[in-house]
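Here is a short report on one protein chain.

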Amino acid sequence: MMIQKANHFQFPENLSYKFNFTCRAFSVFCLSLLIWLSPLAQPSKSVPSTSPEMDAFLTSNQKLLGTDFVVFAYKDGKIAYKKEVEKELGDFNGKSQVPAGVASQWLVAATVLAYVDEGKISLDDKVSKYIPIFAKYMKTYITIRNCLTFTTGIKADPPGALKLLQKSKYPDLETEVDAFASKREIQTNPGTEIYYSQIGPDIAARVLEVVTKKTFDRCVADKIIRPCKMRGTSFTNDNGVTSDAAEGAITTGSDFINFLGMLLNKGTFEGKIVLSEKSVAEMETQQFPNLPMEYVPKEAAGLRTGLGCWLDKTGDPVTSLNMTGFWPYIDRGRNYAAVLVPRKTDEPKKELYLQFKERMDGAFAGQSKQ
């Protein structure tokens, strides 16, 4: 009886063990099958992390590109190409901070549109709704859209006076924008001509400060920087506030390719919605197509204005002006994004950068728009 009783109790225990083992084995098999079938696990059709032709081009033009620089390309939800070239000091890489220059305006527009998505503001709201001093000085009809398209009509500095990356003479955006309202004349009616300057983007950034009661740097951090994991990006000056939104961002190559990847993915980054598809499409839609271009930098010759970015005649690629060597762009036709980041800002070498893009295009040849 004792033996039979022992066997009676051992049998269920053994059965339970065998059953649990079989379930675990089957679960592992199913999980492995799901991972294998997942698109993320399939071999990428993108350019590999090294491209001999691109590598050779960068090496042969290293001196012209600034000796130390980094290059990133993004496609199919991941980094498809990365190159870090450092010779002078040996400490320059994808996480090194550099001035973003006019590419800052792309971040400004994206932040504005994040608040448009939330219904906090509208692109066609009048600036005077939020900053009453504009109405006091006969600038009532300027809209946020005007600010992001260089069509405010406010008199800007002469083109020859444009000095990139100089420190703002104003301590913060509030002081600067109030001066734009009270001390600068209206040269033309809003929305009647395109005249490139930093005036509009700085006004748009100040509107967000008024709406949110935060510094613009906080606004960007909340809506773009943190969601896109851009840990090395900031608009903060030495006093801990933003004094220059149009050209004042500091960023890194690895940060900005995340931002471009989010836009390439129609507003989504790592599965999370940062901007709506509608807002991304609006950024990349030509604004005021029939207006005369009274003044744009030579780097914008032949391009058209989007919101915070520029478009060619076909709408591709989406680009920030390459005015300091820092050059981010999205090629919708080939469905990839890239950024070239030099250690030292310098006069751009247009022909060299066109060759750079040709090589990158070649790496993604045959992969059409999705």
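Asp76 sits in the loop between β1 (69–75) and β2 (78–85). Strands here are DSSP runs of E, at least two residues, and helices are runs of H or I, at least four residues, numbered from the N terminus. Asp76 is not a glycine, yet its phi is positive, about 55°. Its relative accessibility is 39%, so Asp76 counts as partly exposed. The classes are buried (under 20% relative accessible area), exposed (over 50%) and partly exposed (in between), with a 1.4 Å probe and protein chains only.

Phe288 also has a positive phi, about 50°, without being a glycine. It lies in the loop between α10 (277–283) and β8 (293–295). Phe288 is partly exposed, because its relative accessible area is 25%. A cis peptide bond joins Asp316 and Pro317, with omega about -10°. Pro317 belongs to the loop between β10 (310–311) and β11 (318–319).

## Basis of the model

This is a predicted model: local features need pLDDT of at least 70, side-chain atom pairs count only at pLDDT 80 or more, and totals for chains, interfaces and linings use all residues. Residues are numbered from 1 along each chain as its sequence is written, and side-chain values use heavy atoms, with hydrogens and water left out.

## Overall fold

The chain has 11 helices and 13 strands. Of its 370 residues, 49% are buried. Contacts are heavy atoms within 4.5 Å. Among contacts between residues at least 6 apart in sequence, 68% join residues at least 24 apart.

## Nonpolar cores

A nonpolar core is a set of buried Ala, Val, Leu, Ile, Met, Phe, Trp, Tyr and Cys residues joined through side-chain atoms within 4.5 Å. The largest has 83 residues; Trp106, Phe216, Phe259 and Leu275 have the most contacts inside it. Helix α3 (residues 104–117) gives the most to this core, 9 residues. Apart from it lies another core of 20 residues, including Leu65, Phe69, Met360 and Phe364.

Phe259 touches Trp106, Leu107, Ala110, Ile224 and Met230, leaving aside residues up to four places away in sequence.

## Cysteines

How many disulfides does the structure hold? There are 0, a disulfide being a pair of cysteine sulfur atoms within 2.5 Å. Cys147 counts as buried because its relative accessibility is 0%. Cys309 has 2% relative accessibility, so it counts as buried.
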